[in-house]
Amino acid sequence: MSKATFGYFPGCSGLGTSLEYERSTRAVCRELGLTLWDIPDWNCCGSTPAHTVDPVLSSALSARVFAQGETAGIRDVVTPCPSCLSNLRNALEHMEDELFAARVEALTERPLEAGHSVKSVLQVIVEDIGLDKVKERVRRPLVGLRAVPYYGCLMTRPEKIMRFDDPENPQSLDLLLQALGAEVLPFPLKVDCCGGSLGIPVRESVPRLSGRILELAGELGADVIVVACPLCQMNLDLRQGQIRAKGLDYTVPVPYFTQLMAYAFGLGDEEAAFKLLAEDISPAFSCMQRRAGEIKAEEARVAALAAQKAAAKAGRTGSGQSQAKSAGAAGGEA
Amino acid sequence: MQPCGRLGRNLRGSRTAEGVPCHRRPGSAPVFANPQGLSPVRGEANAPAFVRKCKKQCAFKLRNVTKRGECMETVLLNGRDDAFIRAVEESSGQVVARCYQCGNCTAGCPMSFAYDYSVSQVMRLIQAGQKDAVLSSKAVWLCAACNTCSQRCPNEINVAGVMDACRQMARREKKFAVRAMRAFVDAFLDSVKFNGRSHEVGIMALYMLYTGRVWTDVELAPKVLPKGKMPLLPHRIKGRSEVAAIIDRYKQGLSDPERVRARLAKDAGAESGKGKEAVS
């Protein structure tokens, strides 16, 4: 399998609440020359509930995913969802222990060969493809868009297992957004918890935790919060109305990074799928255009000024004075 | 300091040898002593004088009200359950004795606001072998598994892993301090069992059924249903019986470490037996 071909594990939310992530991920990967092979008849990784019950059960569900991949000759898997990634990666790490692997096999009854790996789509784009290649593809740069990146808990933690970026202050999404042309604001809550699936059993948790993230983003003047996790997106976007009812003053659209990539690559509305977001993103884009206009005007002004100065300098040197004298004259003027 | 003459365990929880008294002010009542034996005492009868009943309505019967008026639960450190400590350490693969109570985990914990014990308190309770207090705490159920504590622990303890181990143990012992949490987990796994994949509408329906919270998040439905983001029908996979079998085998206890270890030993024995036959 070449480096640009991966087995693809969309995760259950890709068929439902994160449809826009799924669509834009496939479109962006196609654009970047990545071939994604769907794992045949994949099953749920068990998410947080499975490892709450038992890591062996969680790993057994993940092991079936890898076994299904094996039937199609897939060894290297990518997934857009950090929760799936965490479960699949944990399963591989834990199964290096012989007893643990035997316990998993007692549940799956399907022995697994060695040599499996799993990565997130973000990691593949940043590490395997590289930001230079992403930059080359940009046709509609996001100049003027003020974005804050939000990574969530699981993308970089636990450090020893995820082995990607800095666990407390990751930069990959920041750099990716900069490559797309956006202005990235430093965001102190980029790896703080959004409340996860606790929003259902403990109603208070999401307004409190996601509310903090939305409020800080609003106070920083961010146009968008860019996310990489379906559960974070659901808490920040779909539940934003619930959070506003509890006293949040801001409205911040929360797109996936792949949606912004699709937009920057000049792909159509179908691929970028902004319509599927609960909070309308068009105000953010109109802000971006206004700011882009201002930036352009400012650049034009600076360029005109520089041209004027150059012309003045050329005029003086053109009148027959020696270079040293003109420098002296310029110094005198100053 | 004169010894008070009482036998048993001292305040630090370590056993004082037979006939060696623990050190206490002479004449004072033995503060945390339990006259009956070594099991933890939670009654007012044995409470020292400075422990008053909390004036606020709170879950704990016995509280220590500090000078500032804050209430603290009094945890009596006698009756350490060493088997419990070993079980947590084995299940999580962590050494809980390495925790020196710096409180970094609690400082970073996003769910602390909802806990009865903070993370560092849970760690201390585990060190003190307080099985009952740990397993019936809300904290182990409300942990969001965000791994912030594990990341920031200066002694590199995987604190979230310890919390996970305690939650698994509480589940096995049928102690569900947060019932809704259990209902959500059950609803999720049932959905996976039926369909091979999780199905959001199905999970919510089962959750409402298990908890009786009929209107949970229904106000969100108009935002997702018209966009096709929450299909009413599940995406069932062909191998769903295989997934159901995994969950069934788990419930039957086929992955119990003892059982698997015994089987591995048997297999190894059979193989070496075969090898001997081949040689002979």
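**Figure 1. Salt bridge between Glu242(B) and Arg64(A) in the predicted model.** In this predicted model, Glu242(B) pairs with Arg64(A) in a salt bridge whose closest N and O atoms are 3.1 Å apart. Nine salt bridges are found across the interface of chain B and chain A. Side chains of opposite charge can pair when their charged atoms come close.

**Figure 2. The interface of chain B and chain A.** Between chain B and chain A, 27 residue pairs are in polar contact, with both residues at pLDDT 80 or more. On the side of chain B that touches chain A, at least two residues each come from α6 (148-152), α7 (159-172), α8, α9, α10, α11 (240-251) and α12 (257-279) of chain B. The largest share of this side, seven residues, is supplied by α8(B). Sorted by class, the side of chain B that touches chain A comprises 29 nonpolar, 11 polar and 19 charged residues. The contact involves 60 residues from chain A and 59 residues from chain B. The size of an interface is often given as the accessible area lost when the parts come together. For chain B and chain A, the area buried between them is about 5,500 Å², with 64% of it on carbon and sulfur atoms.

**Figure 3. The second largest pocket, with a lining drawn from chain A and chain B**. The second largest pocket holds about 780 Å³ of space. Its lining consists of 40 residues, and those nearest the centre are Thr17(A), Ile200(A), Met234(A), Glu200(B) and Met230(B). From chain A, the helices α2 (47-53), α4 (82-94) and α11 (230-238) each contribute at least two lining residues. From chain B, the helices α8 (179-195), α9 (200-211) and α10 (221-224) each do likewise. The lining of the second largest pocket divides into 25 nonpolar, 12 polar and three charged residues.

**Figure 4. The largest cavity and its lining.** By the rule applied here, the structure contains four cavities of 30 Å³ or more. The volume of the largest cavity is about 110 Å³. Of the 15 residues that line the largest cavity, Cys99(B), Cys102(B), Cys105(B), Cys153(B) and Pro154(B) lie nearest its centre. Two or more lining residues are given by each of α2 (104-108) and α3 (119-127) of chain B. By class, the lining of the largest cavity has nine nonpolar residues, five polar residues and one charged residue.

**Figure 5. Salt bridge between Glu270(A) and Arg23(A).** Over all chains, the structure holds 34 salt bridges. In one of them, the side chains of Glu270(A) and Arg23(A) meet with an N to O distance of 3.5 Å. Glu270(A) belongs to helix α14 (residues 269-272) of chain A and Arg23(A) to helix α1 (residues 19-31) of chain A, so the pair ties together parts that are 247 residues apart in sequence.

Figure 6. Most residues other than glycine have a negative phi, and most peptide bonds are trans. The peptide bond that joins Arg157(A) and Pro158(A) is cis, with omega about -5°. Pro158(A) lies in the loop between β5 (146-150) and α8 (159-162) of chain A. Ser47(A), although not a glycine, has a positive phi of about 45°. Ser47(A) is part of helix α2 of chain A; this helix, α2 (47-53), also gives at least two residues to the lining of the second largest pocket.

Notes: Residues numbered from 1 in each chain as written. Chains lettered and ligands numbered in written order. Predicted model: local features only at pLDDT ≥ 70, side-chain atom pairs only at ≥ 80, totals over all residues. Heavy atoms only, no water. 1 Å grid on protein atoms, 1.4 Å probe; cavity = no way out; pocket = protein on both sides within 12 Å on 5 of 7 lines; lining within 4 Å. Points joined across faces, edges and corners; volume = space filled by probe spheres on them. Helix = DSSP H or I, 4+ residues; strand = E, 2+ residues; numbered from the N terminus. Nonpolar A, V, L, I, M, F, W, Y, C, P; charged D, E, K, R; others polar. Contact = heavy atoms within 4.5 Å. Buried area = accessible area lost by both parts, 1.4 Å probe. Salt bridge = Lys/Arg side-chain N within 4 Å of Asp/Glu carboxyl O. Polar contact = N/O pair within 3.5 Å; in protein donor to acceptor, adjacent residues only side chain to side chain.
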